[in-house]
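Subject: Structure handover

Hello,

Please find the structure below. My notes on it follow.

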Amino acid sequence: MLEFVNFYLIPGLVLGSIYALGAIGVTMLFGILRFAHFAHGDLMSLGAYVALSFVAGIGFPTILALPFAMVIVALASVGIDRAFYRPFRKGPTIIVVIASFGVALMIRSLIQLFWGVEITSYVQGIQRPLVLFDSLRIAERHLWIIALTCVFVVAMHLFLTRSRLGKGMRAMSDDADLARVTGINTRAVIAWTWLIGGGMAAAGGVFLAMDTQLNPSIGWNAILPIFAAAVLGGIGKPYGAIVGGLVIGLAEELSNYPWFGFDPLLSPGYKSGVAFGIMVLMLIFRPSGLFRGRVL
Amino acid sequence: MSLLEARDLTGGYGGMDILKGLSMTIEAGAVTVIIGANGAGKSTAMKALFGLVRLNQGSVHFDGADITGAEPETLVRRGMAYVPQERNVFPNLTVEENLEMGAYTINGDLRPRLARVYDLFAILKEKRRQPAGELSGGQRQMVAVGRAMMMDPKLLMLDEPTAGLSPRVMDEMFDSVLAINDLGVGILMVEQNARQALAVADKGYVLASGSVRFEDSGAALLANPEVSESFLGG
């Protein structure tokens with residue numbers, strides 16, 4: 001039982017939190033701008049590497065580097081939107097989607113150029129896990145990841161339900177044309193969606209790098225489960241993205257648990273297949289997702 | 001001076017011109033009605049006044065300023081409010097959030113504005129925490145009109161406010177529109193129930209193929225045999 005909690009449930013929650021942070025941005029951007037942002041994983045990578053500069057360069061603890069990475073990537077996201085997506089917004093959506101592929105490649109190449117291609121990590125050496133109640137082993141970084149994700153989710157909920165801008169964001173996600181004729185400042189809403197989506201992505205990227213190691217493809221490799229989480233939760237639904245992220249993260253980890261006998265149910269090599277499988281099943285049987293989002 | 005003056009509007013969507021030299025004058029505080037056959041360009045004319053149509057030619061002046069091609073956000077600030085015909089509420093937002101969106105450009109306390117809308121449509125106060133998507137057609141229309149009233153506009157533009165409503169709800173909606181007009185708000189309405197609309201109109205425009213065929217007081221248009229025969233079903 002404790003083995004299940006320590007080695008499957010907690011890692012599943014951690015991975016789920018990371019996917020949720022990525023999927024929030026993907027789903028909000030889709031809701032408002034109607035395009036699948038394929039560079040979102042690479043925004044996560046960028047966040048992870050910006051934090052690395054603060055950790056390795058200045059000597060900040062990782063958690064202190066996190067807010068800097070979030071702000072920098074948030075601003076970079078707005079810049080990327082202005083430079084590469086906004087000029088194509090009036091045309092067919094597919095142009096923006098392809099542009100986001102290009103941006104993904106650009107970010108990854110820039111990371112390789114500035115930070116190198118080697119695998120690295122924030123902290124060298126072995127980190128001992130905390131032991132709670134004599135037997136519950138949880139790594140300190142995992143505690144941080146889960147706790148901070150909860151903080152971000154609550155903050156986002158308050159923002160979306162209490163602030164004028166957050167309500168405007170939900171309104172625009174409901175009906176962008178109506179939002180415009182109603183007098184909502186749609187440009188500001190779009191900019192703030194990028195700020196929040198980019199900031200959350202950076203946090204997800206830093207958490208992913210804390211949990212494993214940094215490499216320039218770290219975020220790109222997470223884009224499939226993140227899209228799966230967004231589809232599972234319902235496209236355009238931020239709360240759905242959170243639930244979807246947690247479900248996908250847990251499903252990936254729990255699929256390796258020896259449910260029957262002593263062998264893992266599914267070999268760890270097939271982890272990413274789990275997310276893909278869930279996404280395909282959802283698209284076939286319930287394309288609006290758990291939270292009745294938009295049908296792609 | 002008139003509240004709104006549109007001169008020689010020509011334009012449409014894509015490459016097609018739907019409006020062909022349309023001119024209109026709207027007086028402050030008046031009820032103005034646009035009628036015409038399907039495809040005459042009624043809705044397009046209203047959208048053109050609100051800057052939602054590509055114009056090749058013509059100009060729109062509102063309250064002393066040239067607003068040709070201005071952004072909706074600017075127009076809302078200046079005192080215009082537009083309620084589209086379909087999909088005119090945010091279904092996932094609550095009734096109250098929908099109303100708040102109408103005053104998006106306002107910094108500060110919205111409660112007095114909300115209270116005024118709830119005075120007009122008492123049922124909305126009861127339902128204020130309910131998502132607008134769950135309301136009946138008539139109540140949604142109230143939300144849409146209420147949202148437009150949040151900025152206390154000088155001109156309220158309604159694109160077929162009674163479309164798809166049952167006769168009883170339709171009468172209620174007409175009464176609400178007149179009640180709003182009594183507050184001093186000018187009304188511009190596109191209506192398919194031409195007789196009922198002209199009966200309350202200070203001024204009516206009859207559109208045909210993208211330009212004005214007749215313009216006169218509502219009563220005069222109702223009495224005009226030519227209008228009656230061609231546009232009011234005899």
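In helix H9 of chain A, the buried residues are A:Ile223, A:Pro225, A:Ile226, A:Phe227, A:Ala228, A:Ala229, A:Ala230, A:Val231, A:Leu232 and A:Gly233. Buried means that 20 or more other C-beta atoms, placed from the backbone, lie within 10 Å of the residue's own; 12 or fewer counts as exposed, and anything in between as partly exposed. Helices here are DSSP runs of H or I with at least four residues, strands are E runs of at least two, and both are numbered from the N terminus.

This is a predicted model, in which local features need pLDDT of at least 70 and side-chain atom pairs count only at pLDDT 80 or more, while totals for chains, interfaces and linings use all residues. Residues are numbered from 1 along each chain as its sequence is written, and chains are lettered from A and ligands numbered from 1 in the order in which they are written.

H9(A) spans residues 223-233 and is mostly covered, with 10 of its 11 residues buried. Those buried residues pack against H1 (2-33), H2 (40-58), H10 (238-254) and H11 (271-285) of chain A. After H9(A) comes A:Gly234, with a positive phi near 105°.

Next, the interface. In chain A, 14 residues are in contact (C-beta atoms, placed from the backbone, within 7 Å) with 20 residues of chain B. On the chain A side, H6 (164-174) and H7 (176-182) are the elements that give two or more residues. H6(A) supplies the largest share, six residues. By class, this side has four nonpolar, four polar and six charged residues. Ala, Val, Leu, Ile, Met, Phe, Trp, Tyr, Cys and Pro count as nonpolar, Asp, Glu, Lys and Arg as charged, and the others, Gly among them, as polar.

The axes of H6(A) and H3(B) (residues 95-102) come within 10 Å and cross at roughly 100°. The two helices are therefore roughly perpendicular, a term that covers 65 to 115 degrees. Axes are lines fitted to C-alpha atoms over the helix stretch in contact, and angles run from 0 to 180 degrees between N-to-C directions. A:Lys167, A:Gly168 and A:Ala171 of H6(A) make the contact with B:Glu97, B:Glu100 and B:Met101 of H3(B).

In chain B, strand E1 (4-12) runs antiparallel to E2 (19-26), joined by six bridges; strands pair if DSSP finds at least two bridges between them. B:Gly11 stands opposite B:Leu19. Six residues lie between the strands of this hairpin, where B:Gly14 has a positive phi near 60°. E1(B) is also joined by seven bridges to E4(B) (54-62), again antiparallel, with B:Leu4 partnered by B:Phe62.

Regards

Conventions: Two residues are in contact if their C-beta atoms, placed from the backbone, lie within 7 Å. Angles under 35 degrees count as roughly parallel, over 145 as roughly antiparallel, 65 to 115 as roughly perpendicular and the rest as oblique.
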